[in-house]
Structure formats: structure tokens, C-alpha cells
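Try each task before you read its solution.

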Amino acid sequence: MTYRSAFDLTGSETSFTGFSLTDAMQDLQAFFVSREESYNIQSRIEMQSFRIDIGNNYNVSGREFIAPRDGIYYFFFGSGQEAFTDNRVALRTWEGLYPETEAELWVHSTSHNGLHMVTRGTMLELNAGQSIWATLMENVTYSDADHSQVFFGGFLYDPAHAPPAAFSVHKDRPLQSGLPQDPIPFDIVGVNQGNAFDADSNSVIIPVSGYYYIELAVGILPARGCDVKMLLNGEPGGEDEGELVTHIFAPSGTHSHVTASGRSFVAHFNQNDILR
């Protein structure tokens, strides 16, 4: 990882994370596709570079990934943005007769004066034959041959060495308060393999000791900053709030509309640790 900029990076807000899929999964099904130029049609995004397709599950003509079997899948996608231009990109699946939006990247702020890029990941439970794709919902998404800002990928979560433990929860409405919200309440439980997420306490109770990949994505309201901490153990609202695990700190309030931020990391947790 190489850093080239006139500005400094902050400390723990900057991370670099990864793990081996070959060693971790017993049935490796994975893909990664990207685009090398901008796209301005409100439709499924046509990808131009097909970097990985283990299992041959990406349908080029349909611009979609087709799940080879029932299971839990992790997906990631990215979008580029030109100066003073907003856009919105979504991951969508078929739910009955109509497409269903599963996750979105909103970059409606137009106050930035140069190229911008956002990424996000999520976990979904899909049935065999169910398709998922990246769609441009509004305006234009920017990409170029040097950086491939528009991309889409994912893999089947099928652990080889331990019982599966996976969760994915979402909010379906904004959270605005002058007071701290500890913990943040989540409205939708999309995946909860191994019952790791406890809806009553809005926290994750680690089911098995080991290393975990964790991802946190937030949408930031117009002209508002964002300060979200992930805490380990401790008491919500108490004197000992817990150990700081990671932090999304974006205090700038000059963006003109909704924007997105997030981060991911790998850490070791013990059984019955509580993460919120």
C-alpha cells in the first residue's frame, strides 16, 4: 500500500485488511469485475474487465452474478464521482416480481472539487439461481482505466474450519439526535448465521473465539458530521463504556447532501465478547 498526497493520514481511522479465501472456504466461489470508463444509463452497470470468476457464476450478458447454491454471500462494490456531480449506485436482487435494493452507495454531496470514490460491502442470504447486480440509480458514475473506480465482486461464505458465524444488519431510517446513541438501534436483520447478533441489545455476542472480519458502513446526512465508535464490552452509557475497537470520524459539515463512509478490519475476539 503506497500513499501519495499532500495531506496526512490520521491514525486508527486508516486501515489495510485481508484474508485468504483459498484457506478459509471449503467451496470457493468468487468473482470480481470492474469498469474502465464512466457510465450514465440508469440500468445494470455493464462491466468491462472480468478479473476473477471462480465457478463461472458471473453472467456477462445479464450483467449479474448468479448464486450457484443456497447460502450466505459477501458482496462489495464501488463507485466513482466527478467534481460537483452526485450519483447513487445500488446492489439489487429479484424478490418475487420486482427488483429489491439490498445496499446503496449514496454520494449526493456536490461540494467536493475533485474526483471522489466510495465503497461498501454487505452480506446476503441467496437461493440457488438467484441473481444480484450493480445498478446506476441516478446520474453518472465515474470510472477510468487507471483506477477502475466502478467495481463489483463477492464470494460464497462457506467456512472450511469452523461453524459459520456471520451477521449483517441495517438501518432503514435516519438517526438524528443531539445525544449519544449507545448502542445504535438496527431495524433490519438480513443475516444472522450462528445467532451472533442479539436484536434485544443491538449488539454482537461473539459465538466462538477467533479472528473476525468486521465492516461498518454509515450514511452521513447533509451538512452534518459523523462520529461512530465500535466498542468492545463495557456498559452502554456507563462510566466504563468499553474498549474502542475502531472509529469512523468525519466531522466535516460542508458537504451539500447525503454522502457515505465506512471502514473494515480484522481482529481477534473471545467467546461471549460483546461488540456494539
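**Exercise 1.** In which sense do strand 1 (residues 30-35) and strand 2 pair, and over how many bridges?

*Solution.* Start with the ground rules. This is a predicted model, in which local features need pLDDT of at least 70 and side-chain atom pairs count only at pLDDT 80 or more, while totals for chains, interfaces and linings use all residues. Residues are numbered from 1 along each chain as its sequence is written, and side-chain values use heavy atoms, with hydrogens and water left out.

Next, the terms: strands are DSSP runs of E, at least two residues long, numbered from the N terminus, and two of them pair if DSSP finds at least two bridges between them. Strand 1 and strand 2 pair in the antiparallel sense, over five bridges. One of the residues to look up is Phe32, whose bridge partner in strand 2 is Ile52.

**Exercise 2.** Find the partners of strand 9 among strands 4 and 6.

*Solution.* Take strand 4 (residues 64-66) to begin with: two bridges link it to strand 9 in the antiparallel sense, and Ile66 has Ser131 of strand 9 as its bridge partner. Then turn to strand 6, which is joined to strand 9 by seven bridges and also runs antiparallel to it.

**Exercise 3.** Which residues have the most contacts inside the largest nonpolar core?

*Solution.* A nonpolar core is a set of buried Ala, Val, Leu, Ile, Met, Phe, Trp, Tyr and Cys residues joined through side-chain atoms within 4.5 Å; buried means under 20% relative accessible area, exposed over 50%, and partly exposed in between, with a 1.4 Å probe and protein chains only. The largest core has 25 residues, and Ile45, Met47, Phe65, Phe75, Ile132 and Phe152 have the most contacts inside it. Apart from it lies another core of 20 residues, including Phe197 and Leu232.

**Exercise 4.** Is Asp200 buried or exposed?

*Solution.* First locate Asp200: it sits in the loop between strand 13 (197-198) and strand 14 (203-205). Its relative accessibility is 77%, so Asp200 counts as exposed. From C-alpha to C-alpha, Asp200 and Pro185 are 9.4 Å apart in space, and they are 15 residues apart in sequence.

Conventions
Helices (H or I, at least four residues) and strands (E, at least two) are DSSP runs, numbered from the N terminus.
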